[in-house]
Amino acid sequence: QVHLVESGGGLVQPGGSLRLSCAASRSISSIHIMDWYRQSPGNQREFVARSLSAGTTIYADSVKGRFTISRDNARNTVNLQMNNLKPEDTAVYYCHNPTADAWGQGTQVTVSS
């Protein structure tokens with residue numbers, strides 16, 4: 001069992017940056033897979049990025065080269081650095097551990113001028 005809490009969302013202009021953080025209720029060093037998903041109004045929740053415990057990262061094509069997922073094992077957090085944000089990145093962003101089927105409550109990201 002793991003409890004996840006996201007933070008760091010907000011309003012940013014196109015081209016700007018935000019850093020999301022997902023705090024886990026227990027050590028993440030033994031959690032093999034940690035994901036970020038997002039959902040915009042009227043759309044299904046979609047995969048954004050994945051971090052594997054061995055260090056491998058995987059990204060959706062729509063964010064590749066702009067977003068970076070990383071782990072901070074000392075703080076039990078999984079972060080998502082988002083650069084060069086676009087209006088189409090506007091969504092609620094969720095942290096997810098597929099093994100435990102655990103989801104956070106989400107954090108809103110709005111990209112608008």
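Me: What makes Cys22 and Cys95 a disulfide?

Reply: In this predicted model, the sulfur atoms of Cys22 and Cys95 are 2.1 Å apart. The rule asks for cysteine sulfur atoms within 2.5 Å, so the pair qualifies as a disulfide. By this rule the count comes to one disulfide. The angle about the S-S bond is -80°, and the link of Cys22 and Cys95 is left-handed.

Me: Why can the pair of Cys22 and Cys95 be said to tie together parts of the sequence?

Reply: Cys22 belongs to strand E3 and Cys95 to strand E9, so the link joins parts that are 73 residues apart in sequence. A disulfide is a covalent bond between the sulfur atoms of two cysteines.

Me: Are Cys22 and Cys95 buried or exposed, and how is this known?

Reply: The relative accessibility of Cys22 is 1%, and the relative accessible area of Cys95 is 0%. Buried means under 20%; both residues are therefore classed as buried.

Me: Which residues have the most contacts inside the largest nonpolar core?

Reply: That core has 28 residues, and those with the most contacts inside it are Leu4, Trp36, Val48, Phe67, Leu80, Met82 and Tyr93. At least two core residues come from each of strands E3 (18–24), E4 (33–39), E5 (46–52), E7 (67–72), E8 (77–82), E9 (91–97) and E11 (107–111). E3 gives the largest share, four residues.

Me: Why is the meeting of Arg38 and Asp89 called a salt bridge?

Reply: The side chains of Arg38 and Asp89 meet at 2.9 Å, N to O. The cut-off is 4 Å, so the pair is a salt bridge. Arg38 lies in strand E4 and Asp89 in the loop between E8 and E9, 51 residues apart. Both Arg38 and Asp89 are buried.

Me: What makes Arg66 and Asp89 a salt bridge?

Reply: The closest N and O atoms of Arg66 and Asp89 are 2.7 Å apart. This distance is within 4 Å, so the pair also counts as a salt bridge. Arg66 is placed in the loop between strand E6 (57–59) and E7, and the two partners are 23 residues apart. Both Arg66 and Asp89 are buried. Side chains of opposite charge can pair when their charged atoms come close.

Me: How many salt bridges does the structure hold, and where is an exposed residue, Arg75, involved?

Reply: The structure holds six salt bridges. One of them joins Asp72 and Arg75, with the closest N and O atoms 3.0 Å apart. The relative accessibility of Arg75 is 63%, over the 50% limit, so this residue counts as exposed. Salt bridges that share partners also join Arg38, Glu46, Arg66 and Asp89 into one network.

Me: Why is the aromatic pair of Tyr37 and Trp103 called edge-to-face?

Reply: The structure holds three aromatic pairs. In the pair of Tyr37 and Trp103, the distance is 5.2 Å centre to centre, with 70° between the planes. The centres lie within 6.5 Å and the angle is over 60 degrees, so the pair is edge-to-face. Tyr37 sits in strand E4 and Trp103 in strand E10 (residues 102–103), 66 residues apart.

Me: What makes Tyr94 and Trp103 an aromatic pair that is edge-to-face?

Reply: Their values are 6.3 Å centre to centre and 85° between the planes. With centres within 6.5 Å and planes over 60 degrees apart, the description edge-to-face therefore applies. Tyr37, Phe47, Tyr94 and Trp103 form one aromatic cluster.

Me: Why do Tyr37, Tyr94 and Trp103 receive their labels of accessibility?

Reply: Tyr37 has a relative accessible area of 19% and Tyr94 has 12%. Each value is under 20%, so both count as buried. Trp103, at 33%, falls between 20% and 50% and is therefore partly exposed.

Me: Where does the charged end of Arg45 sit?

Reply: The charged end of Arg45 sits over the ring of Trp103, 4.6 Å from its centre. Arg45 also lies over the face of Tyr94, at 3.7 Å from the ring centre.

Me: Is Gly55 buried or exposed, and why?

Reply: Gly55 has a relative accessible area of 53%, which is over 50%, so this residue is exposed. Gly55 is found in the loop between E5 and E6. Gly55 and Met34 are 21 residues apart in sequence and 11 Å apart in space, C-alpha to C-alpha.

Notes:
Residues are numbered from 1 along each chain as its sequence is written. This is a predicted model: local features need pLDDT of at least 70, side-chain atom pairs count only at pLDDT 80 or more; totals for chains, interfaces and linings use all residues. Side-chain values use heavy atoms; hydrogens and water are left out. A nonpolar core is a set of buried Ala, Val, Leu, Ile, Met, Phe, Trp, Tyr and Cys residues joined through side-chain atoms within 4.5 Å. Buried means under 20% relative accessible area, exposed over 50%, partly exposed in between (1.4 Å probe, protein chains only). Rings of Phe, Tyr and Trp (its six-membered ring) pair if their centres lie within 6.5 Å; planes under 30 degrees apart count as stacked, over 60 as edge-to-face and the rest as tilted. A charge sits over a ring if NZ of Lys or CZ of Arg is within 6 Å of the ring centre and within 35 degrees of the ring normal.
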